[in-house]
Amino acid sequence: MSSENPTSANSEIEQFASIASHDLHEPLRMVSSYLGLLERRAAKKLDAKELDYLRFAVDGAQRMARMLDDLAAFSRIATHGKPFTQADLRAVVENALADLSAEIAARKAHVSHSELPIAEVDAEQFAQLFRQLIGNALKFSGPRAPAVSIGCERRDEKWIFSVRDNGIGIDAKEFERIFELFARLHGRSEYPGAGLGLAICKKIVERHGGRIWVESVGGEGSTFYFTLPAAQPLNSGFNPPPTSAIPLA
């Protein structure tokens, strides 16, 4: 059994992510620039196979840059988070939907949400959390038009949020792994991404004193749940749904 302190390990991961994402960007930018220059200048002199090799290198550099950006976002959750303030989470969700409006329209998706509370949060990070969860629902929708519903209920001293979709679903054996750094369940040719999105979501939720988990059946969609301490009374006009609507964590 490992005696490593989880808090210390997480701190070291955050420190590594911050240093790596910052210090590696400049040399990677140089590699990408020169590869792009070589591709433009040598395109007419190379055969099809050689051009493929060059394009693979360019694509690899671009993917590495995106991974570094995601690592930077992960490290900033703890180090650059803003103080918690009273935020209208309906407005936060609607801002996230506005950011995703082009993709929602392109995929002919239907996204709805129930009444949402005012809560003590870092509004910028919560918008990032909803963008990621809704964006995943759009990306992993399969052949059908995406349908995403966002819900919330008050249970004792916490809010329980849900983001439900009708997508491809997740195998039960992957429920824990998907929240790890660089976890990917599909090939890049099927679904692009670095595998950091849900790790970022988990970090945001944990910074707010909650936890996140998923329930899913392969081919039948997924529902991501996360909790948030409810430090203030129920808002007037907010009627939470029956507690049977969301499973106990």
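**Close-up views of a predicted model**

**View 1. Lys 202 and Glu 206 pair within helix H7.** Glu 206 and Lys 202 form a salt bridge in which the closest N and O atoms lie 2.7 Å apart; a salt bridge here is a side-chain nitrogen of Lys or Arg within 4 Å of a carboxyl oxygen of Asp or Glu. Because the two residues are 4 residues apart in helix H7, Glu 206 and Lys 202 are separated by about one helical turn. Glu 206 counts as partly exposed at 40% relative accessibility, and Lys 202 is partly exposed at 31%, where buried means under 20% relative accessible area, exposed over 50% and partly exposed in between (1.4 Å probe, protein chains only). The model is predicted, so local features need pLDDT of at least 70 and side-chain atom pairs count only at pLDDT 80 or more, while totals for chains, interfaces and linings use all residues. Residues are numbered from 1 along each chain as its sequence is written, and side-chain values use heavy atoms, with hydrogens and water left out.

View 2. The buried residues of H7 are Gly 197, Leu 198, Ala 199, Ile 200, Cys 201, Lys 203, Ile 204 and Val 205, and Cys 201 has a relative accessibility of 0%. Just after H7, Gly 209 takes a positive phi of about 80°.

View 3. Leaving aside residues up to four places away in sequence, Phe 130 touches Val 92, Val 93, Ala 96, Gly 135, Ile 150, Phe 161, Val 163 and Phe 226, contact being defined as heavy atoms within 4.5 Å. Val 92 belongs to helix H4 (residues 89-99) and is buried, with a relative accessible area of 7%. Although Val 92 and Phe 130 are 38 residues apart in sequence, their C-alpha atoms are 8.3 Å apart in space.

View 4. Met 30, Tyr 34 and Leu 37 make a nonpolar surface patch of about 310 Å², with areas taken from the Shrake-Rupley method with a 1.4 Å probe, for which only the protein chains shown count as cover for residues. Patches are made of residues with over 30% relative accessible area and no salt bridge, like charges being joined within 9 Å and nonpolar side chains (Val, Leu, Ile, Met, Phe, Trp, Tyr) within 5 Å. Tyr 34 lies in helix H2 (residues 25-42) and counts as exposed at 55% relative accessibility.

**View 5. Two further salt bridges.** Arg 155 forms a salt bridge with Glu 153, their closest N and O atoms being 3.4 Å apart, and both Arg 155 and Glu 153 are buried. Arg 107 forms a salt bridge with Glu 103 at 3.3 Å between the closest N and O atoms; Arg 107 is partly exposed at 34% relative accessibility, as is Glu 103 at 29%.
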